[in-house]
Amino acid sequence: MTIFITLLTVSVLLLNVAVCVAVVLKRQLLVRPLEVAAWGTALALFVANWCLATSLPFGNMRHVLCFFPLVLGPAAFYMRRWRRTELTVDFAAVGALAMVGALCMPMQAAWRQMPALQSPWFAPHVTTYVVAYGLLAVSAVQTVLSMRRGGEVCLRAADEVARLAFPFLTFGLWSGALWADAAWARYWAWDIKEVWALITWCVYLVYFHLAGASVRARRIVLLLGFAAILVTFFVVNLLPNIVSVHSYAQ
């Protein structure tokens, strides 16, 4: 089963890379079938992880990274409806990078939900954060691309994707507080992951109040927001000797 999951992970990675190549080479007839194949394989990977873990597969970093391509596919389709077809390669690239990260993480055959995780908030909380982080990764890519000459279109796309992501980011923070109150009888514990999640939310909130600011200032804040996401998602979970009530997600 573990070999099968590894093969599925590699397949999702290669299919997302193929989407990127097809877009770059302007093979438009191949893009949609490859996207569908990548999403279908990501769904199979999610089911396989669920079967192996014998529980909803959000128990470790590998599980969560494998979930990214599954939520990014519908997001890419939604953005295309708003004529943002240029973002297709960004969504595929983020999905591919998530698979690279997953392959670098140890595979846990099964995990047991601790009492705090046995909550109806578990699935929506994790799902909305994955959606938000995936979208904001795409926004960061567009922000970097906007630094080249004539990058106003990219910065506009980065802004649109960030605005789409912010409600998900807000729901993730809000649902986490409600979940904490149900599990530990307090909404906020100043846990390091909670603090960085709040910092991330505040940075993007500041960005949305910079409508009249310079292009450079807006780029800096968008990139700072994504840097805060990297700290929240990776650094807090992977650095040793960090005491956190979220250590079960390592």
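**Close-up views of an all-helix model**

**Figure 1. The overall fold.** From the N terminus on, the elements run α-α-α-α-α-α-α-α. That comes to eight helices and zero strands. Helices (H or I, at least four residues) and strands (E, at least two) are DSSP runs, numbered from the N terminus. This is a predicted model: local features need pLDDT of at least 70, side-chain atom pairs count only at pLDDT 80 or more, and totals for chains, interfaces and linings use all residues. Residues are numbered from 1 along each chain as its sequence is written, and side-chain values use heavy atoms, leaving out hydrogens and water. Of the 250 residues, 48% are buried (under 20% relative accessible area; exposed is over 50%, partly exposed in between; 1.4 Å probe, protein chains only).

**Figure 2. The largest nonpolar core.** A nonpolar core is a set of buried Ala, Val, Leu, Ile, Met, Phe, Trp, Tyr and Cys residues joined through side-chain atoms within 4.5 Å. The largest one has 61 residues. Phe 68, Phe 91, Tyr 133, Leu 169 and Tyr 204 have the most contacts inside it. Helices α1 (2-24), α2 (28-53), α3 (61-81), α4 (88-104), α5, α6 (152-184), α7 (192-207) and α8 (215-238) each supply at least two of its residues. Helix α3 gives the most, with 12 residues. A second, separate core has eight residues, among them Leu 15, Cys 20, Ala 22 and Val 31.

**Figure 3. Aromatic pairs, with Phe 58 and Phe 67 in view.** Rings of Phe, Tyr and Trp (its six-membered ring) pair if their centres lie within 6.5 Å; planes under 30 degrees apart count as stacked, over 60 as edge-to-face and the rest as tilted. By this rule there are 17 aromatic pairs. Phe 58 and Phe 67 form an edge-to-face pair, 4.9 Å centre to centre, with 65 degrees between the planes. Phe 58 counts as buried because its relative accessibility is 6%. Phe 67 is buried too, at 7%.

**Figure 4. Two tyrosines on helix α5.** Tyr 129 and Tyr 133 form a tilted pair: 5.3 Å centre to centre, 45 degrees between the planes. Both lie in helix α5 (residues 122-145), four residues apart, about one turn of the helix. Tyr 129 has 12% relative accessibility, so this residue counts as buried. Tyr 133 is buried at 8%.

**Figure 5. Around Tyr 133.** Contact means heavy atoms within 4.5 Å. Not counting residues up to four places away in sequence, Tyr 133 touches Phe 68, Leu 169, Ile 229, Thr 232 and Phe 233.
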